[in-house]
Amino acid sequence: MGSGENLSCSILNNAGALCEDDFGKFVQFFRQASPYIAGHRARTFVVVIPGDVVMQQELLQTLVSDIALLHGLGIRLVVVLGAAPQIDAALEELGSSSMFVGGYRVTDAAALEAAVQAAGRSRTAVEQFLSRGPSVPVFRRHAKGETEMHFGPALNVVSGNYVAAKRRGIINGVDFGYSGEVRFVAVDAIRRQLDNENIVLLSNLGFTAGGEVLNCNTYDVGLHASIELNADKLICLHLSDVTEMRLPAWLPLSRARDMLLQRLMGHVSTASIDVDEADKLRRQLLQDAQPPPANGNSNNNSSSSSSSSSSTSSSGNGSSSSSGSRDCLLNLDLWTDTGFPTAVAVAVVACTKGVKRAHLIDARMDGGMLLELYSRDGVGTMISTDFYEGIRKARTTDMEAIQALLDPLERTGVLVKRSTEELRLQLPNFTVIERETKVMGCALLLPLGVSPDGQRVAEIGAFCVDVVFRGTGRGDSLLDYVEQDARLKGMDRLVLLTTRTADWFMQRDFRLAGPAWCSELLPAARRERINPARNSQLYVKELAPLNDKNRQKPGTRIGF
């Protein structure tokens, strides 16, 4: 947040004190981040740190410091540590090597020993960084008492045999030795640790019912953990492989699935993937990604998508509820064969299986996780269910459905009654929500012209969502879509006129501006059409300035 222009004054000086010139930025950040701080508290996040990030000690230390901060802000954290490069390095020291087939290492006895050592080193490094206590002089500034303070490790970190695995066995003539596939994670045991405010560390190691240790794929562990814990977020840290894809800040799940399927079918044509396997993957991707129920619960911080049941989900008591064959979506071999970065494929599959959000964040960006989670636009790529599914501009054939939505509100006086002719003329300015060919919501965006203070103004009216859809977040999606449409059309201000309380809109940053008939915030022509006797109140929302980052068509980004 520092300006970068004055090297003598960064936000925090060498003594840890806040620079006075940056007081305003510091306060502004906290105010802007406060909804996210409240929204993320008590949520469960699974963070996957691949081995090529873990082996960079300075980078790992920075990331772990941010993880400690996330924990301090009340997030329940499961951290999955990779070790592939460390295993390679250990084998090289022994004058040995191993090969990969698909997404899995062929693990002989030497490679298994290297995997165990690498997992131990990675875990110890993270535990070391998380054990660093607070600065006593800084802490005393806000602490009671005059006695000397003594601190133990700053955070409690736990690890154990939480990952149940089985041998991969021999596949297409290749004996994978001690390589394992994850069967399930010990959900109840992990949740007990999270309830006790511990950070849970998982590694590349899994354990069999016969007492064997197996070397598993880190992303396989992270994928199972996020699905079976019903995590609110899966966060995959990455380096250049994902960055080079230049993914957008928000990738709707439908588009992400299409991207995966396109790559998948392309590899079928090159015969690197069996046609039957590809078709099975395609059908399961489309089958598992079901739309949320119309009457599902939602809140402002998470999507209302329901969790699809996974054939590999844990029953929580240490036994798998798998029906037998392994879920093909969780087979990393197939996704690796497409040449797609594993982090991206895993993020898409996790969301398909019910994880609410998946984030891809460049590990090299200082504070990347904090910026992604606690700022409006973030710095990485978020994959989630499509907030704008079914939202489109109204058509002539929607007239009757829109009238049916508005009629109850017009009869009770909530909305001013429109004639059929008025509605027909305004139809091009309507946006609707459609589900299974039925219009379930609508909103009118009517440009009004320029106000006396020089702002281009548009009015939101006829905003209505069918009672069946209320509580699912569709109203938020519709309002967000209309706001984006208004900004792209050059509007500076949105207004709403109503005789009823507008608490819902005020929670979405509209402010009460008093009686509409005399307000200078409206163009004169609009004021002249207002009946003062009706005493409509004006609610106003100033739109963020249009720039290259938000100059996108409605429905392609979340908010401004």
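Gly454 is partly exposed, at 46% relative accessibility (buried means under 20% relative accessible area, exposed over 50%, partly exposed in between, with a 1.4 Å probe and protein chains only). Gly454 sits in the loop between β19 (438-450) and β20 (456-465). From C-alpha to C-alpha, Gly454 and Leu521 are 9.2 Å apart in space and 67 residues apart in sequence. This is a predicted model: local features need pLDDT of at least 70, side-chain atom pairs count only at pLDDT 80 or more, and totals for chains, interfaces and linings use all residues. Residues are numbered from 1 along each chain as its sequence is written, and side-chain values use heavy atoms, with hydrogens and water left out.

**Lys541**

- Lys541 belongs to strand β23 (residues 537-542); helices (H or I, at least four residues) and strands (E, at least two) are DSSP runs, numbered from the N terminus.
- Lys541 counts as buried because its relative accessibility is 12%.
- The side chains of Lys541 and Glu483 make a polar contact of 2.8 Å (a pair of N or O atoms within 3.5 Å; within protein, one must be able to donate a hydrogen and the other to accept it, and residues adjacent in sequence count only if both atoms are side-chain atoms).
- The Lys541 side chain also reaches the backbone oxygen of Arg508, at 3.1 Å.
- Beyond its neighbours within four places in sequence, Lys541 has contacts that include Asp492, Leu494 and Phe510 (contact means heavy atoms within 4.5 Å).

**The eight-strand sheet**

- The order of this open sheet is β5-β10-β2-β1-β13-β15-β16-β14, and the pairing is mixed; two strands pair if DSSP finds at least two bridges between them.
- β5 (157-158) and β14 (250-252) are the edge strands; each has a single partner strand, so one side of each has no neighbour in the sheet.
- β15 (residues 357-362) and β16 (residues 381-384) are antiparallel, with four bridges.
- β14 and β16 run parallel and are joined by three bridges.
- Ser384 in β16 stands opposite Arg357 and is also the bridge partner of Pro252.
- Thr381 and Ile383 point one way from β16, Met382 and Ser384 point the other way, and all are buried.

**Helix α1**

- Phe26 lies in helix α1 (residues 23-40).
- Phe26 is partly exposed because its relative accessible area is 32%.
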